[in-house]
Amino acid sequence: MAEEVPWAQAARRHLIRVDRDIERAIAEVGPPPRRSSPATFLTLLDVIIAQQVSKQAAAAISGRLRQAMAGSSPSNFLLLDDDALKAIGFSRAKIAYGRGLAEAVIEGRLSLPRLRHMDDEEAIAAMSGIKGIGRWSAEVFLLFALKRPDIMPAQDLALLVAAERLKRLERRPTPNKLRELAEPWRPFRSYAARFLWHYYRAAPL
């Protein structure tokens, strides 16, 4: 089981105090499961893989990739040719994105260790400078790999659907509306996002 972040209990207490709907929902489905990932090239590549595919499909592709690679470095990824990556499940676009990311890390245009010393927006900008990594991908990496406490990936469809259910809205919120709803959850929006993903899977329609 993944190690819990040190601010998780404080986050849960804060969210229960400021949001009656979250208090009710946690009582209904329980707290979110622990989840974290190492802050590595492969983890960021996994985020690219997860774009616009199901969780199950992304996990299968990531698993096949690890079996095919001789190691976990960007250089190992670049040894795989187009046919190998297509057989693993990469689309043409994601082959290009993966290679672009690997080259950026190797050349030092993106330093994953340096991200730890940047604030959230600086880190998002640094990652978003690589083709194929948008705000959502950068935010997911910050949340799960760098364990930042106040990230809300508001473009995520599952979070939007979960917020609609949680708040009993008449229609699905826009990303901007979700960011507005999430304001009271600061400075622990990451825990709220984790809970919304959990609520999306656990709560009945």
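This is a predicted model: local features need pLDDT of at least 70, side-chain atom pairs count only at pLDDT 80 or more; totals for chains, interfaces and linings use all residues.

Trainee: In what order do the elements of the protein chain run from the N terminus on?
Mentor: They run α-α-α-α-α-α-α-α-α-α-α-α-α. That is 13 helices and zero strands. Helices (H or I, at least four residues) and strands (E, at least two) are DSSP runs, numbered from the N terminus.

Trainee: What does the C-alpha trace span along its principal axes?
Mentor: About 50 × 35 × 30 Å.

Trainee: And how much of the chain is buried?
Mentor: Buried residues are 45% of the 205. Buried means under 20% relative accessible area, with a 1.4 Å probe and protein chains only.

Trainee: Which residues have the most contacts inside the largest nonpolar core?
Mentor: Leu65, Phe90 and Met127, in a core of 66 residues. A nonpolar core is a set of buried Ala, Val, Leu, Ile, Met, Phe, Trp, Tyr and Cys residues joined through side-chain atoms within 4.5 Å.

Trainee: What is Leu65 in contact with, beyond four places in sequence?
Mentor: Its partners include Leu42, Leu45, Ile49 and Phe90. Contact means heavy atoms within 4.5 Å.

Trainee: Where do Leu42, Leu45 and Ile49 sit?
Mentor: They are among the buried residues of H3. That helix covers residues 41-49, and eight of its nine residues are buried.

Trainee: Which helices do those buried residues pack against?
Mentor: H4, H5, H7, H8, H9 and H10.

Trainee: Switching topic. How many cavities of 30 Å³ or more turn up?
Mentor: One, in a search of the whole structure. About 50 Å³ of space lies in the largest cavity. On a 1 Å grid over the protein atoms alone, a cavity is a set of points where a 1.4 Å probe fits but cannot get out; lining residues have an atom within 4 Å of a point.

Trainee: What lines the largest cavity?
Mentor: Glu4, Val5, Trp7, Arg35, Leu143, Lys147, Ser190 and Arg194.

Conventions:
Residues are numbered from 1 along each chain as its sequence is written. Side-chain values use heavy atoms; hydrogens and water are left out. Buried means under 20% relative accessible area, exposed over 50%, partly exposed in between (1.4 Å probe, protein chains only). On a 1 Å grid over the protein atoms alone, a cavity is a set of points where a 1.4 Å probe fits but cannot get out, and a pocket is an open set with protein on both sides within 12 Å along at least five of seven lines; lining residues have an atom within 4 Å of a point. Grid points are joined across faces, edges and corners, and a volume is the space filled by probe spheres set on the points.
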